Structure formats: structure tokens, C-alpha cells
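Take a look at the structure below.

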Amino acid sequence: MGIGVNEKTDEKEFIWEDLLESRDMSVISLLHGIQERFDYLPEQVLREVAEKTGTPLIEIYRIATFYKYFSLNPKGKYKILTCSGTACHVRNSEQITDEISRLLNIETGSTTEDGLYSLEKVNCLGACALAPLVVIDHEYHGNMTPAKAQQVLKSHNGEVERHCACKNNSKMNHEG
Ligand code: FES
């Protein structure tokens, strides 16, 4: 039964009893369940965790911000991961991250306003031979350069615009 909540992903419809059945009452376990369900930790649900477990909200935020696994913001439909592990770092992964951040007009760890893309910097993705590496929408792109990253991202965004009803909302910066 998954993590034990109902099929609805609307945080207002969150069924606590089901979650509590499948989890122990530790805050960390509940946060894992909520993150799995929503792909982030909605504020309203965190307030309920505080109430139900008798834990101060500030302590819940401390845990939520300590572990990288948890996110306080909704993720984009398409996730972009730039690797900052050693092999990628020495091959200028920072410049690639900066270029993608510039193209999307977002900081690392954020999501575009239209909800299409989120950008995250992660540690070694386990494919160091391909360094520097970027993963866009689950697809690995190795030996990246800022120019290649721009090309790959624009091509992905072009596909999205062709196939997505929200094409006019895309905020990607198409200026070179
Ligand atoms: S350091 Fe980037 S894939 Fe290993």
C-alpha cells in the first residue's frame, strides 16, 4: 500500500491515520513518508506533524533542512541534476551549473515559476568517466561544457514546448 496514504496528492486530503499505520511516530520517519508522497514537504503538513507528534515546528524545520533528501519546495516536472563530485568539480562543473542557472533564471535548489524545471547540485552520480556530468529528466549527459549544457537544455525545452500544453509558460531564457 505504498506509504499508506490515500491516492490523492492534495495536501488538504492527506490521510494521517493511513500514514501513521505504516510508519512509526518518529518525526524523521513521518517526514520520509511525506517526502515520498508529495516529493517535497508542504508547510501545512509539517504543521500537522508538529501538532500530532508534539514536536516544536522549529525542530521539524531543523530536521527538514538538515537532510538533503528533504525538500521544502515543490520540485519541477523535469529535474536537472548537476554533479559537483570531485571528478566533475575539477572539470569545471561549477561553470556548467552557473550556465544552467542563468538559462533558467533560478538559483540552485529552486524551481522555475512555471513548475517545469528544478535545478539541484548533487554529489557523485557514480559515472565519473563521463565527468562533468549533468542529468536532465533522467537522461545522462556526459563531458559537458557550458555551451553543450545550453544546447541540451534548449533542445529539451523545445521538445517540452512542442508537446506540453503549458508551452507558453516556459520561462527559459532563450538568449544565448
Ligand atoms: S564526480 Fe561526478 S559522476 Fe562522479
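In this predicted model, helix α6 passes helix α7 in a right-handed crossing. Helix α6 covers residues 93–104, and helix α7 covers residues 146–163. Their axes are 9 Å apart, and the angle between them is about 40°. Angles under 35 degrees count as roughly parallel. The two helices are therefore oblique to each other.

Which residues of α6 and α7 make the contact? From α6 come Gln95, Ile96, Glu99, Ile100, Arg102, Leu103 and Leu104. From α7 come Pro146, Ala149, Gln150, Leu153 and Lys154. Sort these contact residues by class, and you get seven nonpolar, two polar and three charged. Now look at the spacing of the numbers. An α-helix has 3.6 residues a turn, so residues three or four places apart point the same way.

Stay with α7 for a moment. Helix α7 has 18 residues. From first C-alpha to last, α7 reaches 26 Å, close to the 26 Å expected at 1.5 Å a residue. Its buried residues are Ala149, Gln150, Val152, Leu153, His156, Asn157, Gly158 and Val160. What do the buried residues of α7 pack against? Helix α6 is one of their partners. The others are strands: β1 (78–83), β2 (117–122), β3 (134–136) and β4 (139–141).

Is tyrosine 78 buried or exposed? Its relative accessibility is 13%. Buried means under 20%, so tyrosine 78 counts as buried. Set aside its neighbours within four places in sequence, and tyrosine 78 is in contact with Leu116, Tyr117, Ser118, Asp137, His156 and Val160. Both His156 and Val160 are among the buried residues of α7. Glycine 115 is 37 residues from tyrosine 78 along the chain, yet their C-alpha atoms are separated by 8.5 Å.

Now move to another helix pair. Helix α2 (residues 27–38) packs with helix α3 (residues 43–53) at an angle of about 155°. Their axes are 11 Å apart. Angles over 145 degrees count as roughly antiparallel. That is why α2 and α3 are described as roughly antiparallel to each other. Their crossing is right-handed. On the α2 side, the contact is made by Val27, Leu30, Leu31, Ile34 and Phe38. On the α3 side, it is made by Val45, Leu46, Val49 and Thr53. This contact has eight nonpolar residues, one polar residue and no charged ones.

How values were computed
Residues are numbered from 1 along each chain as its sequence is written. This is a predicted model: local features need pLDDT of at least 70, side-chain atom pairs count only at pLDDT 80 or more; totals for chains, interfaces and linings use all residues. Side-chain values use heavy atoms; hydrogens and water are left out. Axes are lines fitted to C-alpha atoms, for helices over the stretch in contact, and angles run from 0 to 180 degrees between N-to-C directions. Helices (H or I, at least four residues) and strands (E, at least two) are DSSP runs, numbered from the N terminus. Angles under 35 degrees count as roughly parallel, over 145 as roughly antiparallel, 65 to 115 as roughly perpendicular and the rest as oblique. A crossing is left-handed if the near helix is turned anticlockwise from the far one by less than a right angle, and right-handed if clockwise. Contact means heavy atoms within 4.5 Å. Ala, Val, Leu, Ile, Met, Phe, Trp, Tyr, Cys and Pro count as nonpolar, Asp, Glu, Lys and Arg as charged, and the others, Gly among them, as polar. The expected span of a helix is 1.5 Å times one less than its number of residues. Buried means under 20% relative accessible area, exposed over 50%, partly exposed in between (1.4 Å probe, protein chains only).
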